[in-house]
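Biologist: Please take a close look at one aromatic cluster for me. Where does it sit, and what surrounds it?

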Amino acid sequence: HNDMFGFLVDASTVFCQHFSAELQGVLDKHGIEAPISKLGPKVVIVHETQFTDTLDCTTDMTLTDDQKSLGNEASSNNQADDEITSRFLVLGEYPKAYSKIRYVGTKSGKQPTDFTKIRETVLEELNGSSVRNRK
């Protein structure tokens with residue numbers, strides 16, 4: 001079950017290899033004192049299940065570069081953040097490229113899946129302007 005976490009770490013590593021210089025150039029050009037991950041993409045982890053429990057309610061995990069390098073937990077103290085953090089610790093690395101990682105869990109049971117929480121989370125991130133103007 002670590003495939004997704006391994007993929008996120010690998011994709012983050014490749015992103016950093018290819019875009020670190022350009023992103024650092026943007027930060028320097030505009031005199032912004034921030035880690036490169038501030039300009040990195042956001043990730044929404046979607047966990048849709050019928051029989052198992054989700055990790056927790058919708059959660060937001062934003063890690064600083066120091067937290068990523070030291071293996072510290074995000075500032076939130078909920079079960080989903082702890083589980084996500086521990087999975088990355090098992091791999092021995094955090095995905096450093098991402099500005100934010102969001103987890104959205106939904107349990108369907110026997111009814112059709114309700115994608116409302118997922119849609120709201122994605123729209124919230126798309127409409128966010130923490131890095132750029134709203135789209």
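**A cluster of rings**

Modeller: Both Phe88 and Tyr94 are buried. Buried means under 20% relative accessible area, exposed means over 50%, and partly exposed lies in between (1.4 Å probe, protein chains only). Keep in mind that this is a predicted model, where local features need pLDDT of at least 70 and side-chain atom pairs count only at pLDDT 80 or more, while totals for chains, interfaces and linings use all residues. Residues are numbered from 1 along each chain as its sequence is written, and side-chain values use heavy atoms, with hydrogens and water left out.

Start with the whole protein. It has 4 helices and 3 strands. Helices (H or I, at least four residues) and strands (E, at least two) are DSSP runs, numbered from the N terminus. Along the sequence, the pattern reads α-β-β-α-α-β-α. The protein has 135 residues, and 31% of them count as buried.

Now the rings. Rings of Phe, Tyr and Trp (its six-membered ring) pair if their centres lie within 6.5 Å; planes under 30 degrees apart count as stacked, over 60 as edge-to-face and the rest as tilted. The whole structure holds 3 aromatic pairs. Phe5 and Phe88 have ring centres 5.2 Å apart and planes at 85 degrees, so this pair is edge-to-face. The pair links distant parts of the chain: Phe5 lies in helix H1 (residues 3–29) and Phe88 in helix H3 (residues 79–91), 83 residues apart. Phe5 is buried, at 6% relative accessibility. Phe88 is buried too, with a relative accessible area of 0%. Phe88 also pairs with Tyr94: their ring centres are 5.8 Å apart and their planes at 45 degrees, so that pair is tilted. Phe5, Phe88 and Tyr94 form one aromatic cluster.

Next, the helix that carries Phe88. H3 has 13 residues and reaches 19 Å from its first C-alpha to its last, close to the 18 Å expected at 1.5 Å a residue. The expected span is 1.5 Å times one less than the number of residues. Which residues of H3 are buried? They are Ala80, Asp81, Ile84, Thr85 and Phe88. Seen down the axis of H3, these buried residues fall within an arc of 125 degrees, so they line one face of the helix. The arc is that of the directions from the helix axis to the C-beta atoms. An α-helix has 3.6 residues a turn, so residues three or four places apart point the same way. On the other side of H3, Gln79 and Val90 are exposed. Just after H3, Gly92 takes a positive phi of about 85 degrees.

A nonpolar core is a set of buried Ala, Val, Leu, Ile, Met, Phe, Trp, Tyr and Cys residues joined through side-chain atoms within 4.5 Å. The largest such core has 13 residues, and those with the most contacts inside it are Leu8, Val43, Ile45, Ile84, Phe88, Ile101 and Tyr103. Two or more of its residues come from each of H1, strand E1 (42–49), H3 and strand E3 (100–107). In soluble globular proteins, nonpolar side chains tend to be buried together.

Take Val43 as one member. Leaving aside neighbours within four places in sequence, Val43 is in contact with Leu8, Tyr98, Lys100, Ile101 and Arg102. Contact means heavy atoms within 4.5 Å. Across the protein, among contacts between residues at least 6 apart in sequence, 68% join residues at least 24 apart.
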